[in-house]
Amino acid sequence: MSAFETFHEAVRTFALGRIGAASRVMATVAGEHELYAHSARWLAEHAEGRLPGPYDDASAFAAYRTGVPSGRLRDAGSAALARLLIERRPARMLDVGAGDGVVLARAFAEGVTPAQLTLVEPSSDLLRRAATAVSDRVTAVRFNGTVQGFAERAPPLPPWDLVHASLSLQNLDTEERARVLPFLASRGLSLLLVEFDCLRPDGDALDADRIRWTHDRYLIGMDEHTGSPLGAEQEERAKQGFLMPMLFGGFLTGRSAPNYEQPIAAWIDELMAAGFTDVTERARVPHWWSDGVIVLASRPA
Ligand SMILES: C[S@@+](CC[C@H](N)C(=O)[O-])C[C@H]1O[C@@H](n2cnc3c(N)ncnc32)[C@H](O)[C@@H]1O
């Protein structure tokens, strides 16, 4: 059996809920690539009890986001946001899924900070980090919850001049996006979206092509996150605390999947259907998972 066939068998065993058995299968090829070694270890550690999600450990997400490949995308996102802030000088801004706030802080440092900033973030630890990251420039209003919850509870304020959603709306399934995107379009004059142009086929999480594609991408991703300038401890945290839950979360079927990515063309169609009238691609950044794309959607005031 090739290493890929073994990985494939381990993934199918995992999806049946036989986590310990999946770990043992994966361990047979652990010497062949770090992807298998990390997978075997993560599966063994989580063979009992609840599987952690990719955002459960804020320090793991922060370590991942400062790794070289993700850092490239983060820097492009910050630069695109900084350019837009300078062009449009928005007074009121909403950030959906702010994460650790580094993208925002770097963009604000380029010159323009909105007078009012609302942060929506379900992880209380990440929300605290985000508010702290921008605190020398603006005191953010914090909403500790999902954007779905925020949409239900947001007070009827004047519109936001700019909504920023970087790699966060992928966490909403199709039905949730069909509720949230019209909310953002009706309450925001423009939306700067960062998402992967994800070629992953829709449908069955255990589709053979999808397992193959994910496997091949993660071989590259694990290599690119090896030799982190931040040191071995941070690298280990990024891989075990973020990349592994993201990888295996993709093989869970149903609502527990960690995200619902799609091609950028589908995002653009959804943004137009939601009420934005002008939707353009502003930048494209090569990334091991798939191209990261920065899209600006606007509507008349
Ligand atoms: C890949 S991270 C991106 C963080 C940040 N925007 C950045 O670009 O660095 C995705 C973020 O979305 C948040 N998130 C997950 N589900 C969400 C939801 N339903 N509503 C809002 N944010 C969500 C996660 O907690 C996480 O902080």
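Helices (H or I, at least four residues) and strands (E, at least two) are DSSP runs, numbered from the N terminus. The model is predicted: local features need pLDDT of at least 70, side-chain atom pairs count only at pLDDT 80 or more, and totals for chains, interfaces and linings use all residues. Residue numbers start from 1 along each chain as its sequence is written.

**Exercise 1.** Locate L167 and R89, and state whether each is buried, exposed or partly exposed.

Solution.
- Step 1: L167 sits in the loop between strand 4 (162-166) and helix 9 (174-187).
- Step 2: Its phi is positive, about 55°, although L167 is not a glycine.
- Step 3: A residue is buried if 20 or more other C-beta atoms, placed from the backbone, lie within 10 Å of its own, exposed if 12 or fewer, and partly exposed in between.
- Step 4: L167 has 21 C-beta neighbours inside 10 Å, so L167 counts as buried.
- Step 5: R89 is in the loop between helix 5 and strand 1 (92-96), and its phi is near 45°, again a positive value in a residue other than glycine.
- Step 6: R89 has 13 other C-beta atoms within 10 Å and is therefore partly exposed.

**Exercise 2.** Describe how helix 3 and helix 10 cross.

Solution.
- Step 1: Two packed helices are described by the angle between their axes and the distance between the axes.
- Step 2: Axes are lines fitted to C-alpha atoms, for helices over the stretch in contact, and angles run from 0 to 180 degrees between N-to-C directions.
- Step 3: The axes of helix 3 (residues 34-45) and helix 10 (residues 208-224) come within 9 Å and cross at roughly 95°.
- Step 4: Angles under 35 degrees count as roughly parallel, over 145 as roughly antiparallel, 65 to 115 as roughly perpendicular and the rest as oblique.
- Step 5: Helix 3 and helix 10 are therefore roughly perpendicular.
- Step 6: E34, L35 and H38 of helix 3 and Y218, L219 and M222 of helix 10 make the contact (C-beta atoms, placed from the backbone, within 7 Å).

**Exercise 3.** Which residues come nearest to the ligand, and which helices each supply at least two residues of its shell?

Solution.
- Step 1: A residue is near a molecule or strand if its C-beta atom, placed from the backbone, lies within 6 Å of it.
- Step 2: Of the 22 residues around the ligand, G97, G99, T146, S166 and N171 come nearest.
- Step 3: Helix 5 (68-88) and helix 8 (147-153) each supply at least two shell residues.

Methods
Two residues are in contact if their C-beta atoms, placed from the backbone, lie within 7 Å.
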